[in-house]
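Trainee: I would like to go through this structure with you. Can we take it one question at a time?

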Amino acid sequence: QQSTVNLTFYHALSRVGFKVKNNMDYGETEIMLKSVSLTGNLIWMGTMFLNKANVTSTTSNGVTTTEVNSNWENTDSFKGEITFTISEIDQNNEDGKVVNSTSPRIVGTGTEYLMLFPQTFSGIGSDKITLTAVYTVDGIENTVSKDIEEEFTFEAGKAYTFVINIGLATVDFKANVVPWDTDIDKDGVTTDDEGDNTNVEI
């Protein structure tokens, strides 16, 4: 009789997605998101040695936190300024439409995620990431960019949702961080107020 061996796998990369909402109800005013981009001096290749990768778990107040250390190496030579853009937003299905939507809505169809190497940005000089949103208000196009000028880390095994909060005069960004495999809603992306989240005002 063969015995069963349970294998547990962990994600070695970071997953990044986007959501969008209004900061209030603007009635008949039509606000549409056209594209969203993330730019940074990003790692695009590396080597992971499985014998060096490890997972540590800590429990505090009954809550267990798992940290994945994938130990990527040889990444310094494979880093450069890269821009990832989600622009194929299906307006017919209203995926990019945020009019009268004060709850976060998924950008795109819910499958457009960025898979990034674990990396820490200092937020100083060029060592930072920039978020850019292109949107229209009653057909008039606007572009806004936000530099994250503080230390920000993409960790292995974590899912990051950048929530874009669009108003008529201002656009704010917020980073929502959760373990990749937990607290995921039915659409595949965490909401910004659900589960054991870390919300980072940027």
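Trainee: Which side chain meets E155 in a salt bridge?

Mentor: First, the ground rules: this is a predicted model, where local features need pLDDT of at least 70, side-chain atom pairs count only at pLDDT 80 or more, and totals for chains, interfaces and linings use all residues. Residues are numbered from 1 along each chain as its sequence is written, and side-chain values use heavy atoms, with hydrogens and water left out. A salt bridge is a side-chain nitrogen of Lys or Arg within 4 Å of a carboxyl oxygen of Asp or Glu. At 3.5 Å, N to O, the partner of E155 is K158.

Trainee: Is K158 buried or exposed?

Mentor: Buried means under 20% relative accessible area, exposed over 50%, partly exposed in between (1.4 Å probe, protein chains only). The relative accessibility of K158 is 15%. So K158 counts as buried.

Trainee: How many residues apart in sequence are the parts that K34 and E141 tie together?

Mentor: The side chains of K34 and E141 meet in a salt bridge of 2.9 Å, N to O. Strands (E, at least two residues) are DSSP runs, numbered from the N terminus. K34 lies in strand 2 (residues 31–43) and E141 in strand 12 (residues 140–147), so the pair ties together parts whose separation in sequence is 107 residues.

Trainee: What kind of aromatic pair do F121 and F154 make?

Mentor: Rings of Phe, Tyr and Trp (its six-membered ring) pair if their centres lie within 6.5 Å; planes under 30 degrees apart count as stacked, over 60 as edge-to-face and the rest as tilted. The structure holds eight aromatic pairs. The centres of F121 and F154 are 6.2 Å apart and their planes are at 90 degrees, so the pair is edge-to-face.

Trainee: Which ring does the charged end of R15 sit over?

Mentor: A charge sits over a ring if NZ of Lys or CZ of Arg is within 6 Å of the ring centre and within 35 degrees of the ring normal. For R15, the distance to the centre is 4.1 Å. The ring is that of Y113.

Trainee: How many residues has the largest nonpolar core?

Mentor: A nonpolar core is a set of buried Ala, Val, Leu, Ile, Met, Phe, Trp, Tyr and Cys residues joined through side-chain atoms within 4.5 Å. Those with the most contacts inside the largest one include V16, L38 and F154. Its size is 30 residues.

How values were computed. Helices (H or I, at least four residues) and strands (E, at least two) are DSSP runs, numbered from the N terminus.
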